[in-house]
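Colleague: I would like to learn how to read helices, strand pairs and charged contacts in a model such as this one. Could we take them in turn, with the general idea before each case?

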Amino acid sequence: MEVADLEAIPISVPQTTALRTGGSDTSTSGSGSFDHVLVRVTTADGVTGYGEAAPHPDWPQSGTQSTVRSVINSKFAPLIEGRNVAHIARITEELDRAVASHPFARSAIDGALYDAFGKHLDCPVFDLLGGPTSDDRSLPLHYTVGIKNPEQVATEAEAAAKKGFAAFKLKVGDDDIAADCRRLEAIRSSCSDARIRVDANGTWNAGEAVRKINTLDEAADGIVFVEQPVPYDDPAGLRHVRGEVTPSVMADEGCYTPADVAALASRGAVDAINVKPAKAGGIAGARRVVATAAAHGLPCYVGGMLELGIGAAAAAHFAIAAPERAYPTGLLNADAGGSVVTRPARWQPEGPSFVVPDDPGIGVSVDPDAVERYRVD
């Protein structure tokens, strides 16, 4: 089960819709692309595993498509070739020590190793992680709504509610707090029993966050939690906000590692953690994050970085096997205008629950023609 070859493949897949977030560009048109990096691992006995990095240059430690590819080829590949694919946790720890500032790159390698190991054993990755937490392998989902005009939000929320969604995540942080309030009211009108979460993506300072969260909470007739209300490097601000608002406070951009979890917990800064394999350096790292969160009594939510089919599938296997997961997730990317996997419809949920396929590895078959079509070498 030795790694014989590792290749980093840059791809660019069209973006059909734009998810506008707090502090982001005001454009909502379907422009741009998903500039990701695929990792292909081939073992000596001919098994191929795939992983995916979805860099977001405005995220800390993310890197760009170019830097992710470069660090994989120059720093990580020499450390992996010849290694046993079963030694995933050990390998990713060594990669972390080699280059600690590139968790997104490590997550792609981690995913490819898990995929290859699962295929070698002819079992799904979630079984390698202890098995699914539900007998039917179902993963509860929320519905994400970006910053749009209230009329668009109402139409979208009503359609989602008809499909059975009751958990909603609304991006907030627009300069116009009244508009954010109207968006929340539109969701509540469309689904009276909606469990609404808001995500500010670090847009506000602490004082501003307190005022706006309390206003939004009143407008929504109750928010379940608010995600990353202050910048990622302001844990003191996060603690202040938590002490002054009713909704639970969750860390995302400000929490990557087990050490981050422990630091936030010791400050009393958060009520929950958004765990993303991409931030944690992959599934192996994410398992350490959720274990640390559990030790500090913090529930977890499993999020994604708008990965395409490969990265999203790996994250779904992690999520379905994580007993610490306490909130519905939103892993699957509905904004891409193309796919690099065959049968992508298997990974496109139609309602608030998704059954994770039990095929070997991460459960996707990569389309080599599509990879070449979107490749940007």
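This is a predicted model: local features need pLDDT of at least 70, side-chain atom pairs count only at pLDDT 80 or more; totals for chains, interfaces and linings use all residues.

Colleague: What span should the 19 residues of helix α3 have, and how far apart are its end C-alpha atoms?

Modeller: At 1.5 Å a residue, helix α3 (residues 103–121) should span 27 Å, and because its end C-alpha atoms are 27 Å apart, the expectation and the model agree.

Colleague: In which sense do β8 and β9 pair, parallel or antiparallel?

Modeller: A general point on strands comes before the case: in a regular strand the side chains alternate between the two faces of the sheet. Here strand β8 (residues 225–227) pairs with strand β9 (residues 248–251) in the parallel sense, over three bridges, and V226 has V249 in β9 as its bridge partner.

Colleague: How does β9 pair with β10, and through which helix does the chain cross between them?

Modeller: β9 and strand β10 (residues 272–275) pair in the parallel sense over two bridges, with A272 in β10 as the bridge partner of M250. The chain crosses from β9 to β10 through helix α9 (residues 258–267), and this β-α-β crossover is right-handed.

Colleague: How many salt bridges does the structure hold, and which parts does the pair of E94 and R83 tie together?

Modeller: Side chains of opposite charge can pair when their charged atoms come close. The structure holds 22 salt bridges, among them that of E94 with R83, where the closest N and O atoms are 2.7 Å apart. Because E94 lies in helix α2 (residues 88–98) and R83 in the loop between α1 (65–80) and α2, the pair ties together parts that are eleven residues apart in sequence. E94, at 26% relative accessibility, counts as partly exposed, and R83, at 21%, also counts as partly exposed.

Colleague: How far apart in the chain are K212 and E208?

Modeller: An α-helix has 3.6 residues a turn, so residues three or four places apart point the same way. K212 and E208 both lie in helix α7 (residues 206–219), four residues apart, about one turn of the helix, and they form a salt bridge whose closest N and O atoms are 3.0 Å apart. At 14% relative accessibility, K212 counts as buried.

Definitions and conventions
Residues are numbered from 1 along each chain as its sequence is written. Side-chain values use heavy atoms; hydrogens and water are left out. The expected span of a helix is 1.5 Å times one less than its number of residues. Two strands pair if DSSP finds at least two bridges between them. A crossover is right-handed if, with the strands pointing away from the viewer, the path from the first strand over the helix to the second runs clockwise. A salt bridge is a side-chain nitrogen of Lys or Arg within 4 Å of a carboxyl oxygen of Asp or Glu. Buried means under 20% relative accessible area, exposed over 50%, partly exposed in between (1.4 Å probe, protein chains only).
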